[in-house]
Amino acid sequence: MGVLKKLIAASTATVLVYGVIVFALCFPAPQRWMIYLNWINYPFTENLKVPEVFGFAHNKIRNIHFTTSDNITIGAWHILPTLYYQKHDLRANPDIPDDTVYDAALSNPSYDTVVYFHGNALNRAAPWRTDLYKRLGDKFNRLNIIAIDYRGFGDSNGVPSEQGLRLDALATIDWLLERNVTPDRISLIGHSLGTGVATSLAYDMTERGQSPNALILKAAYSSLPNLIFEYRMLKYFTVLGPVRLVPSVQNWLLHRLLHVYDSVSRIEHLECPILLTYGASDLEIPGHNSQLLFHRAVYGGGLGFAKDWMDHDDSIKRRIIPNEATVYQKDQIHLVKLHHADHNNVGYYDYMFQGMADITGWHQGLS
């Protein structure tokens, strides 16, 4: 009897604690902490000023800061194209070169630029992020890379919000335009949380008549309202999954969601080539999110969506690379399922870079 009472007490306590957590997520601060996880700020920000700490070549990166329209200071890295860096022998310079040396790599029409928007938690120097920058530089030797930290992340000040991150992204593009980088030489990469930021930016650029060269989404979600009840923390635990059992509570939470990132309603309006990639083993953001975005980019909102619809649509080109990837294509829209990737390691798989080359034209230096 004592054991039964303890089980009942433990179960009751668990339900009460869970209820408190769910209730707390209706308020702005807890909701923000859960979505952005920017309070997990690692690696340490003082090292961001010395990129060599993270294995980069001396003088290949300049640490930059710029200001948004609402007066927030954003920290970022500008990583030089490998070809440009080697041509100017910048490693041999014991001092930090003048900004004009770096700006010349941006304005030169022989070089392209990509802006990287990372996922939640940590900052631009997280290990899998720095690994991706290095691989991009190795694969595409004429590519400038801009890696930013959103407000409230890394060495950027402010507090994150959907509108705030939108302004951060626009400020990044304005900073590039001021350095004579034309929109047709700017591509956007987003991972996880960053896919919503990148898609919103591509939409805003299109509305301004400045469509980017390409949009690349890794492990994308269609919108936060679609994701929050299936998102898995630590791969296996769906934090809000049980709420789906009580539709009234589910709707109550959705009405109080302050951050939406509605990529699925924006992607159909883009004019640039799009690459969507996801790992078949991604347990955090299920692959049907990327499938839905692909469907909306191809057909708009006119046709109904069904999971794995691409395998039954004769208008979609399908190619299987054994043990590596399945590739779907309709015109300039590409969807790649990486057979062995999960959520954070999409950038480690070689076909990811082949897919990038196919839609961007960054073929120089591709192995």
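Where is the place of Ile40? Ile40 sits in the loop between H2 and strand E1 (61-67). Helices (H or I, at least four residues) and strands (E, at least two) are DSSP runs, numbered from the N terminus.

The model is predicted: local features need pLDDT of at least 70, side-chain atom pairs count only at pLDDT 80 or more, and totals for chains, interfaces and linings use all residues. Residues are numbered from 1 along each chain as its sequence is written, and side-chain values use heavy atoms, with hydrogens and water left out.

## Surface patch

Ile40 is partly exposed, with a relative accessible area of 32%. In this scale, buried means under 20% relative accessible area, exposed over 50%, and partly exposed in between (1.4 Å probe, protein chains only). Together with Trp33 and Trp39, Ile40 makes a nonpolar surface patch of about 360 Å². Patches are made of residues with over 30% relative accessible area and no salt bridge; like charges are joined within 9 Å, and nonpolar side chains (Val, Leu, Ile, Met, Phe, Trp, Tyr) within 5 Å. The areas come from the Shrake-Rupley method with a 1.4 Å probe, and for residues only the protein chains shown count as cover.

## Cavities and pocket

Searching the whole structure gives three cavities of 30 Å³ or more. On a 1 Å grid over the protein atoms alone, a cavity is a set of points where a 1.4 Å probe fits but cannot get out; a pocket is an open set with protein on both sides within 12 Å along at least five of seven lines, and lining residues have an atom within 4 Å of a point. Grid points are joined across faces, edges and corners, and a volume is the space filled by probe spheres set on the points.

The largest cavity has a volume of about 390 Å³. Its lining consists of 19 residues, and Met34, Ile35, Leu224, Ile228 and Tyr231 are those nearest the centre. Helix H2 (28-36) and helix H8 (224-227) are the elements that give two or more residues to this lining. H2 provides the largest share, three residues. By class, the lining of the largest cavity has 16 nonpolar, three polar and no charged residues. Here Ala, Val, Leu, Ile, Met, Phe, Trp, Tyr, Cys and Pro count as nonpolar, Asp, Glu, Lys and Arg as charged, and the others, Gly among them, as polar.

The second largest cavity holds about 80 Å³ of space. Among the residues that line it are Tyr116, Trp128, Asp131, Arg135, His191 and Lys218. Helix H5 (residues 127-139) gives the largest share of this lining, four residues. The lining of the second largest cavity divides into four nonpolar, three polar and three charged residues.

Of the 16 residues lining the pocket, Asn120, Ala121, Tyr231, Glu284 and Asn344 lie nearest its centre. Eight of the lining residues of the largest pocket are nonpolar, six polar and two charged.

## Salt bridges

How many salt bridges does the structure hold? There are 14, where a salt bridge is a side-chain nitrogen of Lys or Arg within 4 Å of a carboxyl oxygen of Asp or Glu.

| Asp103 | Arg179 | 3.4 Å |

Asp311 is partly exposed at 31% relative accessible area, and Arg318 is partly exposed at 49%. Elsewhere, salt bridges that share partners connect Arg62, Asp99, Asp103, Glu178 and Arg179 in one network.

Asp103 forms a salt bridge with Arg179. This pair links distant parts of the chain, 76 residues apart: Asp103 is in helix H4 (residues 99-107), and Arg179 is in the loop between helix H6 (162-178) and strand E5 (186-191). Asp103 is partly exposed at 22% relative accessibility, and Arg179 is partly exposed at 22%.

Asp350 is partly exposed at 36% relative accessibility, whereas Lys139 is buried at 7%.

## A distant pair

Ile216 lies in strand E6 (residues 214-218) and is buried, with 0% relative accessibility. Ile216 and Thr360 are 144 residues apart in sequence and 9.4 Å apart in space, C-alpha to C-alpha.
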